[in-house]
Amino acid sequence: MLDHARGGDDIFTAGGAGGSYTFYGDAGGEMSGDAVGGNDTFTGHGDSTNLAYGDALTMSGHAQGGDDILMGGNDLTAPSAVTFGNVLIGDAETIAGHAHGGNDTLISGTGNDDMFGDAKTILEQGCGGNDSFVFSSNNGHDRIEDFGQGVHGVTGLNWGTDHIDVSALGIHDFSELIISAFDPVTHESTITFGTGNDVVVHSQIALMQQNFVFAP
Ligand SMILES: [Ca+2]
Ligand SMILES: [Ca+2]
């Protein structure tokens with residue numbers, strides 16, 4: 001998608017179990033110039049391989065990602081923690097130039113989800129959007145790879161200001177969360193929602209109350 005191209009708002013639902021699904025919300029290649037991605041919705045299928053990009057493979061120039069909703073598939077039984085049937089990427093594999101990622105919503109299913117709110121790699125002046133990661137019961141073993149907290153002076157300022165939505169779990173307050181100590185080397189901590197339901201979060205700094213959306 002080049003120049004002033006604009007993507008539509010698409011809805012894609014993956015087919016049967018045992019499949020391999022790759023989704024690009026807007027462009028299978030590069031989005032550049034002043035191209036703007038649509039607001040797309042992807043729903044993965046359980047017991048399958050789902051790879052979803054909200055916008056494109058790569059974004060450069062002044063491309064702007066849409067606000068996409070990506071949902072992981074619901075496996076009958078989530079596999080062990082080391083394998084991810086679902087890779088959900090809010091914008092693109094790589095964001096470069098002056099491209100901006102959108103404000104995306106990534107929703108974990110009962111399979112294992114590896115989630116990038118923006119991109120696997122952000123280069124140059126590229127930046128991500130303000131994304132939401134949504135969890136509920138029986139969600140398997142997941143990862144959030146780029147949790148932005150808007151903290152200056154710490155790697156990941158270009159990840160936006162993101163939130164983890166735990167409202168569906170009936171969690172009302174930060175004190176109800178079980179979170180391992182933040183590792184200052186790996187920048188990871190693990191939130192345990194229940195047996196077989198946890199998420200490793202790669203964040204800028206230790207997680208705090210304002211990083212979450214709680215049940216009312
Ligand atoms: Ca899009
Ligand atoms: Ca994003």
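This is a predicted model: local features need pLDDT of at least 70, side-chain atom pairs count only at pLDDT 80 or more; totals for chains, interfaces and linings use all residues.

Me: Leaving aside its neighbours within four places in sequence, with which residues is Thr 105 in contact?

Reply: Residues are numbered from 1 along each chain as its sequence is written, and chains are lettered from A and ligands numbered from 1 in the order in which they are written. Two residues are in contact if their C-beta atoms, placed from the backbone, lie within 7 Å. With neighbours within four places set aside, Thr 105 is in contact with Ile 69, Ser 132 and Val 134. Thr 105 and Met 71, 34 residues apart in sequence, have C-alpha atoms 8.4 Å apart.

Me: Is Thr 105 buried or exposed?

Reply: A residue is buried if 20 or more other C-beta atoms lie within 10 Å of its own, exposed if 12 or fewer, and partly exposed in between, with C-beta atoms placed from the backbone. Thr 105 has 21 other C-beta atoms within 10 Å, and is therefore buried. Across the protein, buried residues make up 49% of the 216 residues.

Me: How many helices and strands does the protein have?

Reply: Helices (H or I, at least four residues) and strands (E, at least two) are DSSP runs, numbered from the N terminus. Here there are 0 helices and 19 strands. The radius of gyration, taken over C-alpha atoms, is compared with a globule rule of 2.2 Å times the number of residues to the power 0.38. The protein has a radius of gyration of 16 Å, close to the 17 Å given by that rule for 216 residues, so it is as compact as a globular protein of that length.

Me: In what order do the 4 strands of the open sheet lie?

Reply: Two strands pair if DSSP finds at least two bridges between them. The order in this open sheet is 3-6-9-12, with parallel pairing. Strand 3 (27–31) and strand 12 (119–122) are the edge strands, each pairing on one side only. Within the sheet, strand 6 (residues 56–59) and strand 9 (residues 92–95) pair over 3 bridges, and Met 59 has Ile 95 as its bridge partner in strand 9.

Me: Which residue stands opposite Ile 89 in strand 11?

Reply: Strand 8 (residues 86–89) runs parallel to strand 11 (residues 113–116), joined by 4 bridges. Phe 116 in strand 11 stands opposite Ile 89. Strand 11 is also joined by 2 bridges to strand 14 (residues 140–147), again in parallel, and there Met 115 stands opposite Ile 144.

Me: Which residues have the most contacts inside the largest nonpolar core?

Reply: In soluble globular proteins, nonpolar side chains tend to be buried together. A nonpolar core is a set of buried Ala, Val, Leu, Ile, Met, Phe, Trp, Tyr and Cys residues joined through C-beta atoms within 7 Å. The largest one here has 42 residues, and Ala 56 and Ile 89 have the most contacts inside it. Beyond four places in sequence, the contacts of Ile 89 include Ala 52, Tyr 53 and Phe 116.

Me: Where does Asn 138 lie?

Reply: Asn 138 is in the loop between strand 13 (132–134) and strand 14. Although not a glycine, Asn 138 has a positive phi of about 60°. Asn 138 is partly exposed, because 15 other C-beta atoms lie within 10 Å.
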